[in-house]
Amino acid sequence: MNQTLVAENVVKKYSSHLALDKVSISVPEGCIFGLLGPNGAGKTTLIRIINQITAPDEGAVYINGEKLSGKHIAQIGYLPEERGLYKKMAVGEQALYLCQLKGMKKADAMRELKKWFEKFEIQNWWNKKVEELSKGMQQKVQFITTILHKPKLLIFDEPFSGFDPINANLLKQEILELKKNGSTIIFSTHNMSSVEEICDYIALINKSKKILEGEVNSIRREYAPDIYEVQYSGYFNKMIATLTSDYKILDVKEFEGGSKMSIELLNKEMTNNDIISRLTNFGNIESFQKALPSMNDIFIRVVSNTNSEQAQAQN
Amino acid sequence: MSKIGLIIGREYKTRVRKKSFIVMTILGPILFAALMVAPAILMRLEDDDFKNIAVIDETGLFDQYSLKNTKSINFDFVSEKYFRGSYYDLSEAKANLKDSEHYALLYIPINALSANNGSVQLFSYQQPNMGLKMHISNGIEKKAEEMKLSKKAEELEITQQEIDNILMVANTSINVITTTMNDDGTEKESSTTVAMIIGYICGFLIYMFIFMYGSMVMNGVIEEKSNRIVEVIVSSVKPFQLMLGKIIGVALVGITQFVLWVMLTLGIVTITYAVLQKDFSTADLNPQTQIMGSSLTDATDVNTDDMAKFDDIMKAMNSVNYVGLLLMFLFYFIGGYLLYAGMFAIAGSAVDNETDTQQFMLPITVPLILGIFVMLSAINNPDGSLAYWFSIIPFTSPIVMLVRIPFGVPFTDIIISMVLLVATFIAMTWLAAKIYRVGILMYGKKTNYKELWKWLKYRN
């Protein structure tokens, strides 16, 4: 698969601290890539480097195999976390200006803007001043200006902050739509449930270092503890009696016509098939699945692990 | 390059369309024109205002010939009317003044002319104008001089005619004609007063413009920062382009405003003078003026005197090289503005809101105010070493050099000053760009000069 963006050993120093310490990521084409990390980890610095707002001290960034340069500005759409518009300027004029700065021709920008304004049903905002719009309305305008020049690579920094649930959902649909149309999206957030929903890949940055990168599902499987969820109907007591040595039963929920239990595997040698074949003797298994951890759990676990490792190393 | 063009266009358009810009552009010339036309209008208004002045003359020496009536002043010798031969009661006259038809009461005490520095009193409910006071003192002084002269003539046993002859011979009037010589041998009549006024106006305008448009740059930077739009913009253009576009855009706004001001002011002044002139000429045909035979000659005397002075001023004003001055003004305005705009941009990028700019304004205001002070002293001594050095130092040269130029400045001085100014503003823009690009992305931290120094050393 083509890599839309590759960052190699990127280092960025500020006078008193290291913002990025040899960070490498690679973002495959046509995916949604989640850039995760606690506050101050270095996400925004990395994003600014990709946007050429600042330059790395060491390392390099490549877009479609080419070293980052001025011509790539037009191929990137960036919605920063700290966002805003000129308050005194009219909406349409301002959108036109921002698109032209991205290198669009005035006539093209005008035509595309009209299309998007119709799509969002906001044509009557064109001559309004930005300060007359609500915050959510401003965000919509800003979103349009970010994607209007049809960038191959889109970077959204905390895109859902400031949106109400309805508009956040609208935005999510638009992001998925963009992905379908072939855009690659880098998406920085703290909102882990949105990561599970829409990201294909993630990279986790903590204290200037990348500590995790990969496909979301494989990461979740990798970090899954040996816990299984079984829904069944049958002889519960006998089941327990045969399994106690190899399992720990964590939780049992009974309901009409059956029960659901979580079991932790103690005997690491056992395969899924072994478990199922044992269970089938005593009851009717309706579903069996490995419990996957939420991204939130993984995030907290990995970050606190690395933090305590560092603390130990310092001691 | 086209991106800088877009930024310049936006900065220019949004500012020029602002209500405050339009109001200032229209009000400015009206104010300037008012300053220029007001004296003429005031004179005209005063002329129209007829003043009847009661005179109590205890000396009995004054009459219609020594205190002459004019178009607007009439002397009413009340002491003769009511108490011929005896003293008129001053306190009673003062008490009656309010209800009488008299504008003022002139009291000439018996000993008014006995000493060399005599005095008379003028009582009125309104402050009498300069012209009336001059007219009265002139009349009384002339009478006193005549009396002294005729007394002396009696002592020396010569006739009044002879005295007049002597006076005529002794009468001297010296006019200092200042002529500046150029290196190429040509000479030009000039007027120090005119040079002073022009220099002062130019210097002050530059000071005002640097402040006005410099603050516009600073507020623009703060606006972008506090609106949080700056990060969106710098993902499309380089911070340096954004800063330069803003500085150039505002400069164009300044030039537009200046050109409009000059044109509108000239227009208003020309029209007002034309209207006034028409008024004056019709007033001259007024029959009232012709009836007052004696006062007419007096009035023409004054007019020719004034006309001569006016001619002198016009001649001196024509001697000023306006095209050269205007070019110099534009150069120093743009150069000075560019130099300070960089500093204003630093101040704007270092803070989150306008209230925090105070500490960074100090290095901007101190040299500018210093420039104004040096300018005030340089006006009296435009070739002194103080004026020389401050017209060379780039931070004050835009103000101080403009004061020196109307007096004539050696070519080398101007070249040195200009080269230094250009070099400094390039250095300042470079410095500002380095600090600006870090500052615009910094939020929430209270910045100080140490912090700015650190930003300066950041690599890209």
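Buried residues have under 20% relative accessible area, exposed residues over 50%, and partly exposed residues lie in between (1.4 Å probe, protein chains only). This is a predicted model, in which local features need pLDDT of at least 70, side-chain atom pairs count only at pLDDT 80 or more, and totals for chains, interfaces and linings use all residues. Residues are numbered from 1 along each chain as its sequence is written, chains are lettered from A and ligands numbered from 1 in the order in which they are written, and side-chain values use heavy atoms, with hydrogens and water left out.

**View 1. The salt bridge of A:Glu66 and A:Lys71.** The closest N and O atoms of this pair are 3.2 Å apart; a salt bridge is a side-chain nitrogen of Lys or Arg within 4 Å of a carboxyl oxygen of Asp or Glu. A:Lys71 is partly exposed, with a relative accessible area of 49%, and A:Glu66 is partly exposed at 36%.

**View 2. The salt bridge of A:Lys12 and A:Asp57.** Here the closest N and O atoms are 3.9 Å apart. A:Lys12 belongs to strand 1 (residues 3-13) of chain A, and A:Asp57 to the loop between helix 1 (43-50) and strand 4 (58-63), 45 residues apart; helices (H or I, at least four residues) and strands (E, at least two) are DSSP runs, numbered from the N terminus. A:Lys12 counts as buried because its relative accessibility is 2%, and A:Asp57 counts as buried at 19%.

**View 3. The salt bridge of A:Glu112 and A:Lys150.** The N to O distance is 3.4 Å. A:Glu112 lies in helix 3 (residues 106-119) of chain A and A:Lys150 in the loop between helix 4 (135-147) and strand 7 (153-157), so the bridge ties together parts 38 residues apart in sequence. A:Glu112 is buried at 7% relative accessibility, whereas A:Lys150 is exposed at 60%.

**View 4. A salt-bridge network in chain B.** B:Arg10, B:Glu11, B:Arg15, B:Glu224 and B:Lys246 are linked in this network. Over all chains, the structure holds 21 salt bridges.

**View 5. Helix 12 (residues 322-350) of chain B.** Helix 12 of chain B is mostly covered, with 21 of its 29 residues buried.

Technical notes:
Expected span 1.5 Å × (residues − 1).
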